Amino acid sequence: MSAPASPLKINEGTRQQAELDPTQTGRAPRSDGGSSYVPVQTRSERFKSTNTSDFPTVTGREIEWKFSPIAKLRPLIEGVLDGGAWHYDTVATPGVSIEWVDRADASVGSAGVPEDRASANAWSSFERALAITIDGDEIEDLALERSGLDGAPRAAHTIITAKKHSRGHIVLHNSGAALLAENVEIIVEDGADLTVVSVQQWNDDAIHLASHFARVGRDAKLRHVSVSLDGDVIRINPSVHLVSEGADVELYGAYFATTGQHIEQQVFVDHDAPKTKSRVTYKGALQGRGAHTVWIGDVLIRQSAAGTDSYEQNRNLLLTDGARADSIPNLEIETGDIAGAGHASASGRFDDEQLFYLQARGISEEEARRLVVRGFLAEIVQRIGSPELQKRLESAIESALVPEGAQS
């Protein structure tokens with residue numbers, strides 16, 4: 001088991017908060033000078049640390065955990081994790097290098113710091129990080145397949161770096177068994193253009209908690225796509241910091257939850273520089289009793305981010321009774337000098353008129369439902385940029401659809 005990590009990059013306000021009330025990290029002192037504490041209301045105020053012990057024991061009442069099935073996640077939140085190297089398959093690609101680096105490497109911690117205990121537990125436990133570096137001005141494509149993690153509690157750490165003015169397309173494809181907590185750091189240097197696609201097609205009993213931290217430089221662009229289809233519990237939380245003028249991020253997500261499955265994503269975009277831009281679009285379909293999805297979208301436009309252009313949206317399609325979609329968009333604006341900012345959220349059932357239109361043309365109800373769901377999620381899947389992977393995902397989504405009466 002690896003040695004505990006030392007704390008990294010905790011801002012002074014957060015440090016003072018922890019010192020004032022070390023047992024209530026997620027709380028802040030009252031503005032009127034009173035001695036009691038009130039819950040942190042915005043994402044930017046959350047406590048951050050790389051040490052598991054700095055976070056209190058998770059009860060399930062915390063704002064970052066209140067929608068999650070804590071009993072299933074307890075081994076990753078509180079337990080001992082195997083932080084050893086894991087197996088992956090890939091093909092050598094010109095302009096892309098892959099190597100294992102020590103946890104003391106200077107690149108570790110470049111993109112972000114954990115905001116919850118599970119992420120900190122993974123950070124404290126990993127022994128070496130997998131570093132993927134793109135350094136070419138042509139579009140470099142790399143597909144990395146990860147499977148065979150077995151069912152033991154594991155920690156992982158991945159660092160993806162796009163060097164200045166480089167262009168790359170990285171696909172992280174997950175399958176097989178897993179009980180995994182991990183952190184993925186993404187650094188997009190000035191002028192670079194990077195696409196990162198994370199695909200979750202785990203075994204039905206797999207549990208996967210991931211925090212993705214991204215840092216986007218001047219006139220750089222990041223396209224982040226998350227596709228979650230299979231697994232018992234999947235929680236992918238991307239956090240993007242736009243640190244320099246002209247930084248641009250597009251965040252896309254597609255997910256399909258079936259009976260008893262929990263898929264969660266908590267998105268955070270931090271506009272911290274002038275003339276930055278963000279677009280967030282997540283779309284999901286739910287089918288079967290107990291299917292549960294959670295989407296929380298937080299956007300912060302700081303006082304330093306004049307000229308920001310931001311929009312986020314989430315759409316959910318409920319195919320059967322007994323499914324639940326929680327959708328919470330949040331927008332925090334600290335300056336009035338913006339180009340635009342907005343958010344939208346909608347969850348609803350099948351459009352009967354769409355079904356009637358298709359059935360009136362000789363298409364069966366089952367096939368009509370398949371067509372509607374495929375069309376609904378197509379906007380996200382097409383953003384992947386890999387025709388081969390797009391076909392695989394479209395096939396997986398279609399095969400997951402079964403007639404409504406077959407759901408238990």
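## Questions on a predicted model

Modeller: This is a predicted model. Thr93 sits in the loop between helix H2 (70–78) and strand E3 (96–102).

Colleague: Is Thr93 buried or exposed?

Modeller: The relative accessibility of Thr93 is 17%. Buried means under 20%. Therefore Thr93 counts as buried.

Colleague: Now Gln265. Is Gln265 buried or exposed, and at what relative accessible area?

Modeller: Gln265 lies in strand E14 (residues 262–271). The cut-off for buried is under 20% relative accessible area. Gln265 is buried, so its value falls under that limit, at 2%.

Colleague: Which residues does Gln265 touch, not counting those up to four places away in sequence?

Modeller: Gln265 is a buried residue of strand E14. Its contacts are Ile236, Asn237, Tyr255, Tyr282, Val294, Trp295 and Ile296.

Colleague: What separates the C-alpha atoms of Gln265 and Leu209?

Modeller: Along the chain, the two residues are 56 residues apart.

Colleague: On to the backbone. What is the phi of His165?

Modeller: His165 belongs to the loop between strand E6 (153–162) and strand E7 (167–176). His165 is exposed, with a relative accessible area of 55%. It is not a glycine, yet its phi is positive, about 65°.

Colleague: Where is Lys275, and what is its phi?

Modeller: Lys275 is in the loop between E14 and strand E15 (277–286). Its relative accessible area is 57%. Exposed means over 50%, so Lys275 is exposed. Its phi is positive in a residue other than glycine, near 55°.

Colleague: What is the volume of the second largest pocket, and which elements give two or more residues to its lining?

Modeller: The space in the second largest pocket is about 410 Å³. The elements giving two or more residues to its lining are strand E10 (207–216), strand E12 (233–242) and E14.

Colleague: Which lining residues lie nearest the centre of the second largest pocket?

Modeller: The lining of this pocket holds 20 residues. They divide into 6 nonpolar, 7 polar and 7 charged. Nearest the centre lie Lys48, Ala111, Gly112, Val113 and His241.

Methods
Residues numbered from 1 in each chain as written. Predicted model: local features only at pLDDT ≥ 70, side-chain atom pairs only at ≥ 80, totals over all residues. Heavy atoms only, no water. Helix = DSSP H or I, 4+ residues; strand = E, 2+ residues; numbered from the N terminus. Buried < 20%, exposed > 50% of the residue type's maximum accessible area, 1.4 Å probe, protein only. Contact = heavy atoms within 4.5 Å. 1 Å grid on protein atoms, 1.4 Å probe; cavity = no way out; pocket = protein on both sides within 12 Å on 5 of 7 lines; lining within 4 Å. Points joined across faces, edges and corners; volume = space filled by probe spheres on them. Nonpolar A, V, L, I, M, F, W, Y, C, P; charged D, E, K, R; others polar.
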